[in-house]
Amino acid sequence: MMAVRKQLIATTASVLLALAGTAFAASPSLAMSHPVAHRSAAPSGTIDIGLSADPPKLDPSLSSALVDRQVMINLYDTLFQLSASGMLESDLATGYTVSKDGMTYTLQLRKGVMFQDGTPFNAAAVKFNLQRDQLKISPRHSSLSAVSGIDVTGPYTLVLHLSKPFSPLLNVLAGRAGMMVSPTAVKKEGAGFLNNPVGTGPYEFVKRVVGSYIDLKANPHYWVKGEPHFANVEYKIFTDPNVELLNLQSGAVQFIDTLPPQQVSSMEMTSGYTVINKPSFGYQGIYLNVKSAPFTNMYLREAINNAVNRSLLVGAIFRGTAVPAYSPFGPASPAYVKSEDTPPAVNPGLIRKLLKEGGKPKGFSFTMQTATSPLDVQIAEIIQSMLKPYGIQMNIDQLDFGTMLNNSADGNFTAMALGWSGRLDPDQDIYSFFYSGAPLNSSQYSNPKVDALLNQARAVSDMAVRKAIYAKAVAIINHDSPYVFLYHPNNVLAYSNSIKGFVYIPDGLIRVATLS
Amino acid sequence: MLTFITRRILLTIPVLFLISVIVFSLLHLIPGDPARVILGQDATPAALQALRVQLGLTRPLWLQYVLWIGGVFHGNLGNSLQTGLPVAMLIGQALPVTVELAIGTIIVSGLIAIPLGIYAAVHKGRMADLITVFGASIGLSIPPFWLGIMLLLLFTVHFHLFPSSGYVPFFQNPIQNLQSMFLPVVATAVREAAVLLRMMRASLVEVLGADFIRTARAKGILWRVVVVRHAVRNALVPVLTQSGLQIAGLLGGLVITETIFSLPGFGSLLVNSIFSRDYTIIQGSALVAALLVVGVNLVTDLCYGLIDPRIRMGKGA
C-alpha cells in the first residue's frame with residue numbers, strides 16, 4: 001500500500017475526495033490556507049522589489065532560471081504549495097488520492113477559479129498544462145516523464161497514470177510543473193506567451209522592459225479573500241548586489257531578493273530593515289570527472305574530498321550566509337540528516353595515506369573550471385591554498401557560465417565547480433546527479449548500488465524511509481567522491497520594516513499577495 | 001562635401017558586411033550552446049536537440065547567415081533566442097539610453113575640460129596649471145564604478161536628491177529623465193573630462209608656441225582674442241578627434257555605469273546577450289554598433305571643416 005506522506009495533514013473535511021473504490025488506498029485532503037471568497041478591501045499602492053537578475057522566461061513550461069520563479073509565483077498559482085513549515089499544502093488542487101500500487105494519482109481541483117483572461121480553471125486546463133510540460137522542449141519534461149497518461153474524469157477531477165512509481169510527483173507539482181497557465185492565452189499568443197503570461201495568481205502581467213523592470217497589477221478576480229493588498233508591483237533589475245542594497249537603503253525598492261554576505265550583519269543591526277537569512281534547498285560543490293585522469297583514481301578523489309575544510313571556507317567567505325555541506329540535503333531539505341551532512345574534520349594523515357594509496361604520495365596537479373564571479377574565484381583560491389600543503393597543485397580556469405554548462409554536459413573537464421539551486425523533493429537534488437547516465441551526472445559516475453537505492457527511494461512515499469535510503473546512498477557517494485559537496489547557500493532577503501505580512505517559505509520566494 | 005559624404009556612406013557597406021560576417025563566424029566558434037543556456041543544467045539531449053531544431057541552429061552555418069542577412073535587408077533583425085522578442089525592438093529600447101548617456105557625458109566633459117584646459121594652457125607652469133593638471137590626474141585615476149557607488153551613497157541614500165535607479169525616457173518626462181541621468185553622466189564624465197582636459201591643454205600649449213600666434217600678437221591683437229580666435233580653434237581639432245573616439249567607445253563601453261545605475265542600456269543588452277548566447281541579439285547589436293561608430297566618425301570628420309576652414313573634405317583632408 002502506498003502510504004500517505006506524513007507531512008500532508010488533512011485538516012478540512014470539505015475537500016475530502018469523494019472518489020471511492022478499492023483501487024484507491026488513500027484519499028487525503030490538504031490543508032487549505034486560503035478560503036475562497038470575494039475581496040473585502042480594494043488593493044492600493046505600489047511595492048517595488050529588487051531582483052538580482054532579469055528573469056529570462058516568465059513561462060513556467062520554459063523557465064530554467066531561478067529568478068523567473070520570483071515573478072512567476074505571483075502570476076501563477078500552483079497545484080500544490082509549500083507551507084511556512086515546509087509541508088505540502090493545497091493550492092489549486094484541493095486533495096488527491098494515490099492507488100495502492102502508486103501508479104495512479106487522482107487530483108481534485110478547486111472550483112470557482114478563473115484565469116486572469118477569464119478562462120475558467122478546470123481539469124481540462126490542468127491536462128493542457130501538464131501535456132505542455134511534457135513536450136521535449138520543456139525543461140519540465142524530465143520531471144514529468146513518469147506520467148504516461150492524463151484522464152479528465154470530471155470537470156474538476158483529473159487522473160494521472162504513471163509508468164512506474166514516482167513518489168516525488170506531488171512535490172514536483174508544487175514547483176514550476178504545477179504552475180497553471182491559461183490555455184486560451186497560450187493558444188492565442190503561441191511563442192509570445194512568455195512575454196504576455198496569464199495565470200490565476202494574485203497579480204496580472206502588465207509590462208516589462210528587458211533589463212530594467214517588470215510591472216504587475218492586482219488581479220481583480222483573485223480567489224483568495226482579502227488578497228492582494230498592493231495594487232501594483234514593480235520589479236526592478238539590479239545585477240550588482242551592492243547596488244541592489246543601495247536601492248533598498250535609498251527607498252527606491254522596499255524588498256530585495258539577495259544581500260552581499262559582507263553586508264548581512266550590518267543590515268541586521270540597522271534599524272528599519274528585516275533580514276531573512278535561512279537555509280535554501282541548494283548546494284555548491286565540485287564535480288570530479290571519474291573518466292578523466294587523475295580522477296579516474298578513486299583515492300585521489302577521496303583525498304580532495306577530505307582535504308577541503310568546509311567550515312573554514314564558509315567562515316571566511318559567507319559570514320553566516322551558508323553552511324558546510326557533505327550531502328545534497330541541507331537543513332531545509334526534508335531528507336536532511338545532520339550527521340550525514342556534517343563534513344569530517346580534516347585529517348592530514350588520512351589525506352597523505354589516500355595519496356599514497358592512489359600512487360601519488362607527493363601530490364599531483366589538476367585544473368578546476370569555475371565561473372568568473374569574484375565569489376567563485378575567491379572560493380577556488382581558498383581551496384587551492386587548502387590543497388597545496390599536500391603537494392596538490394590546483395590550477396584555476398575561469399569560464400563563463402554558458403561554456404561551463406557545455407563542458408559539464410560534454411564531460412570536457414577534470415574538475416568543475418558547479419552547484420544546484422535545489423528543489424523541494426530530495427529526489428530532484430540527487431537522482432539526476434548520481435544515477436548512471438542521468439543528465440546532470442557530469443562526473444560520469446556509475447555505481448549500481450547507488451542506482452538501486454535511488455530507484456528504491458522513488459518507489460517509497462514515506463519520507464522517513466526515503467531519508468534512510470538516501471543516507472545510505474550519500475555514504476556510498478562520499479566514499480566514491482565523484483562530487484565534493486562544499487556548502488549550502490542560504491536564502492538571504494531583506495526588506496524595509498514599512499512592509500508587513502511577509503511569510504517566509506523555504507523556497508525563498510517573495511509572495512507579494514500577503515504583503516501590505 | 002556631398003561627394004565626400006556619399007563616398008563615406010558607400011564605404012560603410014563593405015565595412016558592415018565584413019563586420020557581420022566576422023561577428024557571425026566568431027559567435028559560432030566560441031564554446032557554449034544557446035539551447036543549453038535556455039533549457040538549463042538538467043536538460044535532456046532530446047530536449048536540447050528539439051530546441052536547436054526549433055531555433056534553426058541545426059541548419060548549415062552559411063544558410064543561417066543568409067537567412068539572417070536576408071532579414072536584415074528587409075529591416076528584420078530577427079527575434080531574441082531567449083525571450084522571442086524582436087531584436088530591433090530590444091535595441092530600440094536600449095540604444096536611446098546609452099546614446100543619451102554618451103552624449104551627456106561628452107557634453108559635460110567638454111564643458112569641464114575645454115575651459116579648464118584653456119585656462120591651464122594659458123597659465124602654463126603656474127600654480128593654476130599645476131592644480132588643474134593634478135586634478136585631471138586624479139580624475140583619470142578614479143574608476144567610474146567606484147565614483148558611481150560613492151555618488152549613489154551620497155546623493156541618493158543620504159541626501160535623497162536623485163533617484164538611485166531606473167530610466168525615464170526624455171519625451172515621457174524630461175525633468176525625471178534629467179534627474180535619472182545626472183549621476184550616471186557625472187560618474188562617467190569625470191574620467192572622460194580628465195582625458196579631454198589633458199588633450200586640450202597639450203594641444204593649446206603647442207599652438208600657443210606657434211609662429212602665427214607670435215605674429216598675431218606682434219600685430220597688436222589682444223591676447224584674449226589671439227587665444228580664443230586663433231589658438232583655440234586650431235587646438236580643438238585633436239580634441240574633437242578624441243571626443244569622436246570617446247563617443248564611439250562609450251556606446252559599447254558604458255556597461256559598468258549602466259549596471260551601477262540600473263540603466264537598461266545598449267552595453268548591458270550586449271553583455272547579457274553574450275552570456276546567454278543570444279546570437280540574434282549579439283549579431284544585431286554588433287551591426288548597429290558598427291553603424292554608429294561609422295556614423296560618429298563621419299560626423300567628426302564633418303565637424304573638422306566647421307572648426308578649421310582649411311580642412312576641405314574630399315581633398316585629402
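This is a predicted model: local features need pLDDT of at least 70, side-chain atom pairs count only at pLDDT 80 or more; totals for chains, interfaces and linings use all residues.
Figure 1. After α9(A) comes Gly359(A), a residue with a positive phi near 80°.

**Figure 2. Two cis peptide bonds in loops of chain A.** Most peptide bonds are trans. The bond that joins Glu227(A) and Pro228(A), however, is cis, with an omega of about -5°, and Pro228(A) belongs to the loop between β10 (213-218) and β11 of chain A. A cis peptide bond also leads from Ala293(A) to Pro294(A), where omega is near 10°; here the proline, Pro294(A), is part of the loop between β14 (284-288) and α7 of chain A.

Figure 3. Most residues other than glycine have a negative phi. Ser481(A), although not a glycine, has a positive phi near 55°, and this serine sits in the loop between α14 (463-480) and β19 (483-496) of chain A. Is Ser481(A) buried or exposed? Ser481(A) is buried, because 24 other C-beta atoms lie within 10 Å, and the cut-off for a buried residue is 20 or more. In chain B, Arg277(B) likewise has a positive phi near 55° without being a glycine, and this arginine is found in the loop between α12 (266-275) and α13 (279-307). Arg277(B) counts as buried because it has 26 C-beta neighbours inside 10 Å.

**Figure 4. The packing of helices α7 and α8 in chain B.** Helix α7(B), made of residues 144-158, packs against α8(B) at an angle of about 140°, and the axes of the two helices are 9 Å apart. The crossing of α7(B) with α8(B) is right-handed. On the side of α7(B) the contact includes Leu147(B), Gly148(B) and Phe155(B), while α8(B) contributes residues including Val186(B), Thr188(B) and Arg191(B). By type, the residues of this contact are nine nonpolar, two polar and one charged.

**Figure 5. The largest nonpolar core.** This core has 218 residues, and those that touch the most other members are Ile286(A), Leu288(A), Met416(A), Leu454(A), Ala473(A), Met200(B) and Leu204(B). The element that gives the most to this core is helix α8 of chain B (residues 174-208), which supplies 16 residues. When residues up to four places away in sequence are left out, Leu454(A) touches Ile430(A), Tyr431(A), Phe434(A), Tyr435(A) and Ala473(A).

**Figure 6. Where chain A meets chain B.** How many residues of each chain are in contact with the other chain? The contact brings together 38 residues of chain A and 44 residues of chain B. On the side of chain A that touches chain B, β11 (232-237), α5 (241-250) and α11 (401-410) of chain A each supply at least two residues. The residues on this side of chain A comprise 17 nonpolar, 16 polar and five charged.

Figure 7. Met1(B) is placed in the segment before α1 (2-29) of chain B. Met1(B) counts as exposed because it has 10 C-beta neighbours inside 10 Å, and the cut-off for an exposed residue is 12 or fewer.

How values were computed:
Residues are numbered from 1 along each chain as its sequence is written. Chains are lettered from A and ligands numbered from 1 in the order in which they are written. Two residues are in contact if their C-beta atoms, placed from the backbone, lie within 7 Å. Helices (H or I, at least four residues) and strands (E, at least two) are DSSP runs, numbered from the N terminus. Ala, Val, Leu, Ile, Met, Phe, Trp, Tyr, Cys and Pro count as nonpolar, Asp, Glu, Lys and Arg as charged, and the others, Gly among them, as polar. A nonpolar core is a set of buried Ala, Val, Leu, Ile, Met, Phe, Trp, Tyr and Cys residues joined through C-beta atoms within 7 Å. Axes are lines fitted to C-alpha atoms, for helices over the stretch in contact, and angles run from 0 to 180 degrees between N-to-C directions. A crossing is left-handed if the near helix is turned anticlockwise from the far one by less than a right angle, and right-handed if clockwise.
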